[in-house]
Amino acid sequence: MTTSTGLSSPPALPSFFSYQQDQLTLEGVSLGQLAQEHGTPLFVYSQAAMLDALGAYQRGLAGRHHLICYAMKANSSLAILNTLVQAGCGLDIVSGGELERALAVGVEPGKIIFSGVGKTRAEMRQALKVGIGCFNVESRAELDVLDEVAREMGVRAPVSVRVNPNVDAQTHPYISTGLKGNKFGIAHEDVVSTYRHAAQCQGLRVVGIDCHIGSQITQTGPYLDAMDRVLDLVESIEAAGVRIEHIDFGGGLGIDYQGDNPPQADALWSALLQRLDARGFGDRKICIEPGRSLVGNAGVCLTEVLYLKPGEQKNFLIVDAAMNDLPRPAMYQAFHRIVPVTARRSEAPTTWDVVGPVCESGDWIGRDRALAVQSGDLLAVLSAGAYCMSMASNYNTRGRAAEVLVNGDKAHLIRARESTADQTRLERLP
């Protein structure tokens, strides 16, 4: 798209991002000013964008008995958890550490779901002590250990068995979780016998069934296939005498990284609920665990251009953000749109590979990007709200970035930049 002057206009941006007088803003706050104040790399999140994404789920499930639990592995910063909890969310956790974060923001323990394939006895005791709402159990062995721990404590653990429906989510193989070759859940053919076993365990109380087929799903079809297979299982389980109180359909809805066109959450749930009603299960409580779709497009990573390095085969644009800040490209060959914070409309773009300073060939942020930039410019890596800061590391003794939450015209520092002293605080010389 070109403007009336013949110059290229900025690319389409996620909601609540816009250029104002060629300066990129979030909810009207200048991202360039935030970078100047807090340094780079810097993660900035929009509270309005998160609540807007949550609102689509809430509209889609309005009038139904339901619980939306944010999958906090996507981004577990306390201010983000607090934003979503205050808006009515429960939390989906996968570790004892995440349980502590959940409790720190005041979520009701009964609105916590504990997922994950490798819960330890200590984590089980920790969760049972505070009275969480449900354990999503992923193996027969885990059921037996949880039963033992609960009986030792004199309580009954509420459980939901995660089933593996062998449905292809049509996403990256590293984030597909619903096929027989994945480590998650109990095989479809073993589910009924597993529920019979769970119902006989004195330390367990069967409350639901759980299914999660993957992440960054952009089509409705895999969800409908998974729902049909889960409902077939519910019929068989209840025919065996075990009542299912809630049905947990997990999360996984994708966002627009590169022209992706996932269904809107309210439209997706309209289709799913029609299928649920047609199958005669419209009265059941519905649990879901969205993560990326609530926070992914609400976040941006700001980074400074350090050096321009033209070459015969490749032009490298070296920035101060790296794979320790933005691990998704290195891990999944993932695409993040990269745009200038200050648009240089009068300059012709050059094609660059945007790379970081870490000593790994895998340390790249984006390949073959057309950008008009100079050393010292700021770039914005979009759609960085999910699986970036929560997966960040200290590789090369790099401190984790600072984080800022924008709310209207106000910006709040929600995590200070990590120093080398912070990193070495727990280390000891023999």
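Modeller: Before we start, a residue is called buried when its relative accessible area is under 20% and exposed when that area is over 50%. Please keep in mind that the model is predicted.

Biologist: By that cut-off, is Glu27 buried or exposed?

Modeller: Glu27 sits in the loop between strand E2 (23–26) and strand E3 (29–30), and its phi is near 50°, a positive value in a residue other than glycine. Most residues other than glycine have a negative phi. The relative accessible area of Glu27 is 17%, and because the limit is under 20%, Glu27 is buried.

Biologist: Where is Gln333 found, and is Gln333 buried or exposed?

Modeller: Gln333, although not a glycine, has a positive phi of about 55°. The residue belongs to the loop between helix H11 (328–332) and strand E16 (338–340). With a relative accessible area of 55%, Gln333 is exposed.

Biologist: Is the peptide bond from Thr40 to Pro41 cis or trans?

Modeller: Pro41 has its place in the loop between helix H1 (31–38) and strand E4 (42–46). Most peptide bonds are trans. Omega for the bond from Thr40 to Pro41, however, is near -5°, and that bond is cis.

Biologist: How many disulfides does a search of the whole structure find?

Modeller: A disulfide needs two cysteine sulfur atoms within 2.5 Å. For Cys287, which counts as buried at 2% relative accessibility, the closest cysteine sulfur is in Cys69 at 6.3 Å, too far for a bond. For Cys201, buried at 7% relative accessibility, the closest is in Cys134 at 15 Å, again too far for a bond. The search of the whole structure finds a total of zero.

Biologist: The structure holds aromatic pairs; how are the planes of Phe43 and Tyr45 arranged, stacked or edge-to-face?

Modeller: The structure holds three aromatic pairs. In the one formed by Phe43 and Tyr45, the rings are 6.4 Å apart centre to centre, with 10° between the planes. Phe43 is buried with a relative accessible area of 0%, and Tyr45 counts as buried at 1%. Because planes under 30 degrees apart count as stacked, the pair of Phe43 and Tyr45 is stacked.

Biologist: Which strands does the pair of Phe114 and Phe135 tie together?

Modeller: The ring centres of Phe114 and Phe135 are 6.0 Å apart and their planes stand at 20°, so this pair is stacked as well. Both Phe114 and Phe135 are buried. The pair ties together parts that are 21 residues apart in sequence, because Phe114 lies in strand E7 (residues 112–114) and Phe135 in strand E8 (residues 134–137).

Biologist: Over the face of which residue does Arg367 lie?

Modeller: The charge of an Arg is placed at its CZ, which has to be within 6 Å of the ring centre. Arg367 lies at 4.1 Å from a ring centre, and the ring is that of Trp364.

Biologist: Which helix gives the largest share of the lining of the largest cavity?

Modeller: The structure holds two cavities of 30 Å³ or more, and about 70 Å³ of space lies in the largest. Its lining includes Tyr57, Leu268, Trp269 and Leu272, and by class the lining residues divide into nine nonpolar, three polar and no charged. The largest share, three residues, comes from helix H9 (residues 265–278).

Biologist: And which helix gives the most to the lining of the second largest cavity?

Modeller: The second largest cavity has a volume of about 60 Å³, and its lining has seven nonpolar, one polar and no charged residues. Among them are Cys211, His212, Tyr223 and Met227. With three residues, the element that gives the most is helix H8 (residues 221–239).

Technical notes. Residues numbered from 1 in each chain as written. Predicted model: local features only at pLDDT ≥ 70, side-chain atom pairs only at ≥ 80, totals over all residues. Heavy atoms only, no water. Buried < 20%, exposed > 50% of the residue type's maximum accessible area, 1.4 Å probe, protein only. Phe/Tyr/Trp six-rings, centres within 6.5 Å; stacked < 30°, edge-to-face > 60°. Helix = DSSP H or I, 4+ residues; strand = E, 2+ residues; numbered from the N terminus. Lys NZ or Arg CZ within 6 Å of the ring centre and 35° of its normal. 1 Å grid on protein atoms, 1.4 Å probe; cavity = no way out; pocket = protein on both sides within 12 Å on 5 of 7 lines; lining within 4 Å. Points joined across faces, edges and corners; volume = space filled by probe spheres on them. Nonpolar A, V, L, I, M, F, W, Y, C, P; charged D, E, K, R; others polar.
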